[in-house]
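Please view the sequence and the model together while reading.

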Amino acid sequence: MYELYEQLLPTKLYTKEKTQTSTDGEVLCRLCGKVAESVAHVLAGCSSLAQTKYLYRHNAALKILVFELLREHGLMEEVPPWYSPVMPKPAYQNTTSEAFWDIPIYAEHNEVRANRIDARLVNHERKEVCTIEMSCPWIESRAKKDEEKTLKYGPMMWELKQRYNGYRVEQYNVIIDVLGVTLNT
Ligand SMILES: [Zn+2]
């Protein structure tokens with residue numbers, strides 16, 4: 001872990017700039033070939049990993065939280081262990097609550113571009129709508145990411161407030177950086 005925080009891993013950038021052990025002077029990422037291969041790039045910024053490894057990490061972490069919420073709302077009886085390959089279903093429903101996983105919200109009242117929030121829970125008894133968006137940015141970007149997500153989903157939250165008149169509508173941004181440190185909002 002120390003090597004990760006101090007960015008001492010032998011990435012291409014490190015071997016060229018710090019230890020001068022690089023032989024060819026080449027610093028571009030060995031996966032995407034577009035950007036300098038730094039620790040931050042490999043853990044959170046590489047386009048070659050974005051759709052596969054990062055998405056897997058994102059879903060594997062988020063589903064644990066979502067399963068707990070589903071159980072709390074009586075939408076699921078038993079929470080699968082964290083290492084289980086079971087993923088949440090797209091939709092759950094019982095007499096008081098509904099939950100959606102990665103389902104876009106089709107806006108009726110205004111133009112909403114960012115409508116694919118990670119998860120959404122509606123409790124009709126408590127009159128509560130809770131949306132959850134998760135991201136795993138590089139360590140310096142946590143506060144920025146939180147702000148970015150709130151701005152991005154602003155129009156969608158407004159849409160939900162119109163649709164669920166009289167409900168408390170909350171957006172939760174779960175920001176866990178690539179080394180596992182969280183920002184609570
Ligand atoms: Zn790359």
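The model is predicted. The chain contains six helices and six strands, and buried residues account for 23% of its 185 residues.

**Overall arrangement**

- Read from the N terminus, the elements follow the order α-α-α-α-β-β-β-β-α-α-β-β.
- Of the contacts between residues at least 6 apart in sequence, 53% link residues at least 24 apart.

**Strand β3 and its partners**

- Strand β3 covers residues 119–123, and four of its five residues are buried.
- β3 runs antiparallel to strand β2 (residues 97–101), to which five bridges join it.
- β3 also pairs with strand β4 (residues 128–135), again in the antiparallel sense and over five bridges.
- Leucine 121 of β3 illustrates both pairings: alanine 99 stands opposite it, and in β4 its bridge partner is cysteine 130.
- Together, β3 and β4 make a hairpin in which four residues lie between the two strands.
- Within that turn, lysine 127 has a positive phi of about 55°.

**Helix α6**

- Helix α6 spans residues 154–163, and its buried residues are Met156, Glu159 and Leu160.
- When the helix is seen down its axis, these buried residues fall within an arc of 100°, so they line one face of α6.

**The nonpolar core**

- In soluble globular proteins, nonpolar side chains tend to be buried together.
- In this chain, the largest nonpolar core has 19 residues, and those with the most contacts inside it are Val66, Leu70, Ala99 and Ala119.
- At least two residues of this core come from each of α4 (47–72), β2, β3, β4, α6 and β5.
- The element that gives the most to the core is α4, with four residues.
- Apart from its neighbours within four places in sequence, leucine 70 is in contact with Leu75, Met76, Tyr92 and Ala99.

Conventions
Residues are numbered from 1 along each chain as its sequence is written. This is a predicted model: local features need pLDDT of at least 70, side-chain atom pairs count only at pLDDT 80 or more; totals for chains, interfaces and linings use all residues. A residue is buried if 20 or more other C-beta atoms lie within 10 Å of its own, exposed if 12 or fewer, and partly exposed in between; C-beta atoms are placed from the backbone. Two strands pair if DSSP finds at least two bridges between them. The arc is that of the directions from the helix axis to the C-beta atoms. Two residues are in contact if their C-beta atoms, placed from the backbone, lie within 7 Å. A nonpolar core is a set of buried Ala, Val, Leu, Ile, Met, Phe, Trp, Tyr and Cys residues joined through C-beta atoms within 7 Å.
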